[in-house]
Amino acid sequence: MPRIALGLEYDGTDFLGWQIQRDGRSVEAALAAAVRAVANEPAVVHGSGRTDAGVHAARQVAHFDTTAQRTERQWLLGINSQLPPDVAVRWVREVPPEFDARRSALRRRYRYSILQQPTRPALARRRVWWIRESLDGAAMTAASLHWLGEHDFSAFRAAGCQAKSPTRRLIAVRIARAARADGVMWDLEFTANAFLQHMVRNLVGALVAIGRGDLPPAAAREMLASRDRTKAGVAAPPTGLTLVEVLYPEHYGLPAPADDP
């Protein structure tokens, strides 16, 4: 039975997240319905990870098994014709049966965008966290260094997180500042082997508190060591968060982000 992998992007604003929900829209349900329509048979799709309600994806990866015989182009055009406007498939590849969108992934990268300006945005309101206060980029960078490596990230996981282990390996944190005419756009990127539920949003919330001067950079180390969610501050809103990369071993032949059509 052929196994098909695909890369997709979506605006998560009007979804309750990736995972199928009893009530409300989910990306998984929308994609599965589109695949079923093209394959003309039941289909179950598996994603590389579960993005939360309101979180976006520039490069989510999923796979499904099917007995239907379609070319990659037929899958691509057919599935897209069945999807709602806020979800789109970028590429399709047939992959070996051992490929698994979640288990085969080597690492994931998320980007969190913060717009710092005096007045609220209109056009960017669904894609950024708007704040008025200035942020200290050097303090946020110094704080993030305490989190690099393999740690117990219990202080930054959601209370309802179902992961069996709180241990994750945070590979890199990149903080970029771009001046605008009336403010600053901050992009905070986190790369890890995997993430816990709400982990990135909780890390960002802590960094913003430090960037505002409410806490010293050393507080990041104390939060991590506490393993206590109540010690790590508030979560950043989901609007600014986007899944931007899922990396797999080269032998699967999946497009790199720069190679996406």
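This is a predicted model: local features need pLDDT of at least 70, side-chain atom pairs count only at pLDDT 80 or more; totals for chains, interfaces and linings use all residues.
User: Hi! Leaving out residues up to four places away in sequence, which residues does D100 touch?

Analyst: Hello! D100 touches H63, A105 and Y248, where contact means heavy atoms within 4.5 Å. Residues are numbered from 1 along each chain as its sequence is written, and side-chain values use heavy atoms, with hydrogens and water left out.

User: Thanks. Where does D100 lie?

Analyst: D100 lies in the loop between β4 and β5 (107–116). Those labels come from DSSP runs numbered from the N terminus: helices are H or I with at least four residues, and strands are E with at least two.

User: And is D100 buried or exposed?

Analyst: D100 is buried, at a relative accessible area of 14%. Buried means under 20% relative accessible area, exposed means over 50%, and partly exposed is in between, using a 1.4 Å probe and protein chains only.

User: What does the side chain of D100 reach?

Analyst: The D100 side chain reaches the backbone nitrogen of R102 at 2.9 Å. The side chain of D100 also meets that of R103 in a salt bridge, at 3.3 Å from N to O. A salt bridge here is a side-chain nitrogen of Lys or Arg within 4 Å of a carboxyl oxygen of Asp or Glu. R103 counts as exposed, with 61% relative accessibility.

User: How many salt bridges are there by that rule?

Analyst: The count comes to eleven. One of them joins the side chains of R90 and E9, at 3.2 Å from N to O. R90 is in strand β4 and E9 is in strand β1, so this pair ties together parts that are 81 residues apart in sequence. R90 is partly exposed at 24% relative accessibility, and E9 is partly exposed too, at 31%.

User: What about D52, which side chain does it meet in a salt bridge?

Analyst: D52 meets R201, at 3.9 Å from N to O. D52 sits in the loop between β2 and β3 while R201 sits in helix α4, so the pair ties together parts 149 residues apart in sequence. Both D52 and R201 are buried.

User: Which residues are linked in a network of salt bridges?

Analyst: R109, R111, E189 and E245 are linked that way.

User: New topic: helices. Which residues of α2 are buried?

Analyst: In helix α2 (residues 72–82), the buried ones are W75, G78 and I79. They lie on the same side of α2, because they cover an arc of only 95 degrees around the axis; the arc is taken from the directions from the helix axis to the C-beta atoms. As background, an α-helix has 3.6 residues a turn, so residues three or four places apart point the same way.

User: What's on the face turned away from the buried side?

Analyst: That face of α2 carries the exposed residues R73 and S81. The buried residues of α2, for their part, pack against β1 (3–10), α1 (27–39), β3 (56–65) and β4 (87–95).

User: Which residues touch the most other members of the largest nonpolar core?

Analyst: L31, I79 and F156 do, in a core of 77 residues. A nonpolar core is a set of buried Ala, Val, Leu, Ile, Met, Phe, Trp, Tyr and Cys residues joined through side-chain atoms within 4.5 Å. Beyond its neighbours within four places in sequence, I79 is in contact with residues including L6, L31, F64 and V89.

User: F156 is in that list too. How far apart are L203 and F156?

Analyst: They are 47 residues apart in sequence and 6.5 Å apart in space, C-alpha to C-alpha. L203 lies in helix α4 (residues 199–211) and is buried, at 0% relative accessibility. Apart from neighbours within four places in sequence, L203 is in contact with W147, F156 and F190.

User: Last one: why is β3 largely enclosed?

Analyst: Eight of the ten residues of β3 are buried, so the rest of the structure largely encloses β3. β1 and β3 run antiparallel, joined by seven bridges; strands pair if DSSP finds at least two bridges between them. L6 stands opposite A62 in β3. Strand β2 (residues 46–47) also pairs with β3 in the antiparallel sense, over two bridges, whereas β3 and strand β10 (residues 241–247) pair in the parallel sense over two bridges.

How values were computed: A polar contact is a pair of N or O atoms within 3.5 Å; within protein, one must be able to donate a hydrogen and the other to accept it, and residues adjacent in sequence count only if both atoms are side-chain atoms.
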